[in-house]
Amino acid sequence: GTSSGYLTKALIWNWEYNTWTIKDLEDLSFVTYGQGEVSDNSFDASSGSFDTDSGFFGTTAGNPAKFQLLAGKVYGGNSLEHLDENYDNNGTAYRSYIERTGLTLTGRSENGIPATNPASVKMLKRVYPKFAGNTSPGTVQISVGAQDYVEGPITWQGPFTFNINQDRYIDCLISGRYLALKIEEQGNLPWALTGYVLDIDEVSRI
């Protein structure tokens, strides 16, 4: 949360992969799980006349078996909204992204286990991202970063445009003790990153 008292972050647990994700929220008052699907019978929705319409004006119907994440929003306008219903924010596309920082990979050991060294300086030369599932967005933006201290600022390079259906990698050149990777997409379609390979040279050791 923030000093405003509204909800701005959500922690999401993926039960299949046992991983955690942080999601941005838009100043919500509360989030709950309940029945949110309703259908309205209004003048605009009716195609018949008063004599032939068998419905009742001003009534709503819902599916009691379908439960969804619901969010109450007071700041910026009163509303009750569905969460994770589609891939936009009330009809407006938003930026979706994933980010990994503090990478200390230097390669693989003799037994194939990833090797790390937080003290050495690494040079990142190329990124091979792996996408799966629906690749309909077509393009994403990839940025690479580096820092010399865990709490220090990250110097970013990019973004580089990557076509999911055509490209295999992006070329870059950045160095530091800790590396970072960010992939983002501005649209309203699903995409999934299943992994990535980094081409790294260890340029100095301590």
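Reader: Which residue stands opposite methionine 123 in β14?

Author: In this predicted model, the residue opposite methionine 123 in β14 is serine 175. The strands β11 and β14 are antiparallel partners, paired over 5 bridges.

Reader: In what order do the strands of the sheet that holds β14 and β11 stand?

Author: The order is β14-β11-β16, an open sheet of 3 strands with antiparallel pairing. At the edges are β14, residues 170-176, and β16, residues 192-204, each of which pairs on one side only. From one strand to the next, the twist averages 25°.

Reader: How many bridges join β11 to β16?

Author: Strand β11, residues 121-132, is joined to β16 by 11 bridges, and the two run antiparallel. Two pairs can be located in the structure above. Lysine 130 has glycine 195 of β16 opposite it, and arginine 126 has aspartate 199 of β16 as its bridge partner. As a general idea for reading such strands, side chains in a regular strand alternate between the two faces of the sheet.

Reader: Which strands form the open sheet that contains β15?

Author: That sheet has 4 strands in the order β8-β15-β12-β13, again with antiparallel pairing. Its edge strands are β8, residues 94-103, and β13, residues 155-163, and each of these pairs on one side only. Direction ignored, neighbouring strands of this sheet are turned by 20° against each other on average. Between β8 and β15, which run antiparallel, there are 8 bridges. In one of the pairs, tyrosine 97 has glutamate 184 in β15 as its bridge partner.

Reader: Which residues have the most contacts inside the largest nonpolar core?

Author: The general idea comes first: in soluble globular proteins, nonpolar side chains tend to be buried together. In this structure the largest nonpolar core has 19 residues, and those with the most contacts inside it are Leu124, Val127, Phe131, Val140, Ile142, Val144 and Phe162. At least two residues of this core come from each of β11, β12 (139-147), β14, β15 (178-187) and β16. The strand that gives the most is β12, with 4 residues.

Reader: Which residues is phenylalanine 162 in contact with, leaving aside its neighbours within four places in sequence?

Author: With those neighbours left aside, phenylalanine 162 is in contact with Pro129, Phe131, Gly138, Thr139, Val140, Ile142, Asp167, Arg168, Tyr169 and Ile170. Among these partners, Phe131, Val140 and Ile142 are also listed with the most contacts inside the core.

Reader: Is asparagine 117 buried or exposed?

Author: A residue counts as buried when its relative accessible area is under 20%. Asparagine 117 has a value of 15%, and is therefore buried. Asparagine 117 is found in the loop between β10 (114-116) and β11.

Reader: What does the side chain of asparagine 117 make a polar contact with?

Author: The side chain of asparagine 117 makes a polar contact with the side chain of glutamate 202, at 3.4 Å. A polar atom of the asparagine 117 side chain also lies 3.0 Å from the backbone nitrogen of alanine 119. Not counting residues up to four places away in sequence, asparagine 117 touches Thr104, Thr106, Lys122, Glu202 and Arg205.

Reader: How many helices and strands does the chain have?

Author: The chain has 0 helices and 16 strands. Of its 206 residues, 25% are buried. Among contacts between residues at least 6 apart in sequence, 64% join residues at least 24 apart. The accessible surface comes to about 13,900 Å², with 51% belonging to carbon and sulfur atoms.

Key:
Residues are numbered from 1 along each chain as its sequence is written. This is a predicted model: local features need pLDDT of at least 70, side-chain atom pairs count only at pLDDT 80 or more; totals for chains, interfaces and linings use all residues. Side-chain values use heavy atoms; hydrogens and water are left out. Two strands pair if DSSP finds at least two bridges between them. Axes are lines fitted to C-alpha atoms, for helices over the stretch in contact, and angles run from 0 to 180 degrees between N-to-C directions. Buried means under 20% relative accessible area, exposed over 50%, partly exposed in between (1.4 Å probe, protein chains only). A polar contact is a pair of N or O atoms within 3.5 Å; within protein, one must be able to donate a hydrogen and the other to accept it, and residues adjacent in sequence count only if both atoms are side-chain atoms. Contact means heavy atoms within 4.5 Å. A nonpolar core is a set of buried Ala, Val, Leu, Ile, Met, Phe, Trp, Tyr and Cys residues joined through side-chain atoms within 4.5 Å. Accessible areas come from the Shrake-Rupley method with a 1.4 Å probe; for residues, only the protein chains shown count as cover.
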